[in-house]
Amino acid sequence: METILCNNPNDVNITVPSRVSRKENPKTTIVNVNGVEIGGSEVIIVGGPCAIESMEQLYETAWSVKASGAKILRGGAFKPRSSPYSFQGLGEEGLKLLRQIRRKSELAVVTEVMDTRQVELVAEHADMLQIGSRNMQNYPLLKEVGLSGKPVLLKRGMMSTIEEFLHSAEYILNEGNDQVVLCERGIRTFETSTRNTLDLSAIPMLKQLSHLPVIVDPSHGTGLRWMVPVMAKAAVAAGADGLIIEVHYKPEIALCDGDQSLDPDEFAILMTDLRKVAKAVGREIS
Ligand code: PEP
Ligand code: MN
């Protein structure tokens with residue numbers, strides 16, 4: 001379902017840079033992640049663990065999300081942890097596990113790149129490069145992923161406005177790469193009962209102002225496993241082109257973000273519910 005522009009797009013009082021602007025490029029961009037199209041009528045679900053921990057963990061989780069209908073596998077090899085003493089990810093070893101599972105499962109894969117010096121390496125192993133919330137304004141990194149030519153999943157900075165978010169995306173497009181998906185993942189507010197405040201109004205706003213596809217991360221957006229399904233459904237109802245959801249084959253032993261990760265059964269139930277919501281808003285999930 002194509003976004004319907006409001007009668008007067010100028011009634012949104014922010015500056016939208018030209019390359020990301022829908023006013024200048026009315027047609028919605030389709031981002032092709034190794035054959036998986038984000039931005040079309042299908043709502044694309046990305047599932048997988050916060051961090052890649054082991055072959056067993058990634059294998060079991062990948063197969064369960066694939067069986068439920070996820071099209072892209074997520075998993076971090078380089079993790080941006082708030083504490084330097086927390087698990088930092090398996091690094092290059094994690095990337096190798098990801099590539100093996102990618103080949104066996106035939107799922108497309110997305111993983112985070114945190115440093116300009118890692119872009120080439122990560123691009124060799126992944127179908128899509130994730131720029132995390134903490135790096136949304138790391139301009140050299142944005143330029144580097146732009147130059148890589150790979151599809152980019154750009155997460156909204158946790159303290160960034162929509163205007164800043166769109167300007168960050170513009171950095172990537174400026175390097176000749178329009179394969180950018182915007183991801184709302186929750187912002188910091190005065191509220192403390194949830195990990196972040198998931199800004200669902202960002203979905204229609206971003207789609208109004210930009211031709212780039214928009215996906216939502218209800219896992220980091222809430223930090224609460226029980227709240228993930230309801231916010232996931234709300235995001236699809238509000239027009240999201242996809243979701244990125246943390247799933248772990250055994251959340252209770254996860255090294256990272258177990259409290260917000262669904263187990264395979266919870267994910268399967270959610271996928272069934274999401275298909276109904278997608279249908280109700282003129283979209284589909286295969
Ligand atoms: C993630 O998706 O693994 C992640 C660290 O998310 P964010 O950058 O949104 O905090
Ligand atoms: Mn996480």
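Predicted model: local features only at pLDDT ≥ 70, side-chain atom pairs only at ≥ 80, totals over all residues.
Local features rest on residues with pLDDT of at least 70 and side-chain atom pairs on pLDDT 80 or more, while totals for chains, interfaces and linings use all residues. Residues are numbered from 1 along each chain as its sequence is written, chains are lettered from A and ligands numbered from 1 in the order in which they are written, and side-chain values use heavy atoms, with hydrogens and water left out.

Oxygen atoms of ligand 1 lie 2.8 Å from an N or O atom in the side chain of Arg 74, 3.0 Å from one in Gln 130 and 2.8 Å from a polar side-chain atom of Lys 155. Ligand 1 taken alone exposes 300 Å², of which the protein buries 97% (Shrake-Rupley areas with a 1.4 Å probe; for residues, only the protein chains shown count as cover).

The manganese ion (ligand 2) is coordinated at 2.0 to 2.4 Å by Cys 50 (SG), His 220 (NE2), Glu 246 (OE) and Asp 257 (OD). Donors are N, O and S atoms within 2.8 Å of the metal (3.2 Å for Na, K and Ca), and the site may look incomplete because water is not among the atoms. Along the sequence, the donor residues follow the spacing C-x169-H-x25-E-x10-D. Cys 50 lies in the loop between strand 3 (44-48) and helix 1, and His 220 in helix 7 (residues 218-222), so the pair ties together parts 170 residues apart in sequence. Helices (H or I, at least four residues) and strands (E, at least two) are DSSP runs numbered from the N terminus. Both Cys 50 and His 220 are buried, where buried means under 20% relative accessible area, exposed over 50% and partly exposed in between (1.4 Å probe, protein chains only).

Turning to the aromatic rings, the count comes to 2 pairs. The rings of Tyr 59 and Trp 63 have centres 4.7 Å apart and planes at 20°, so they are stacked. Rings of Phe, Tyr and Trp (its six-membered ring) pair if their centres lie within 6.5 Å, with planes under 30 degrees apart counted as stacked, over 60 as edge-to-face and the rest as tilted. Tyr 59 and Trp 63 sit 4 residues apart in helix 1 (residues 55-68), about one turn of the helix. Tyr 59 is partly exposed at 35%, as is Trp 63 at 32% relative accessibility. Tyr 139 and Tyr 171 are also stacked, 4.5 Å centre to centre with 25° between the planes.

Asn 34, in the loop between strand 1 and strand 2 (36-38), has a positive phi of about 45° although it is not a glycine. Glu 106, likewise not a glycine, has a positive phi of about 60°.

Technical notes. Polar contact = N/O pair within 3.5 Å; in protein donor to acceptor, adjacent residues only side chain to side chain.
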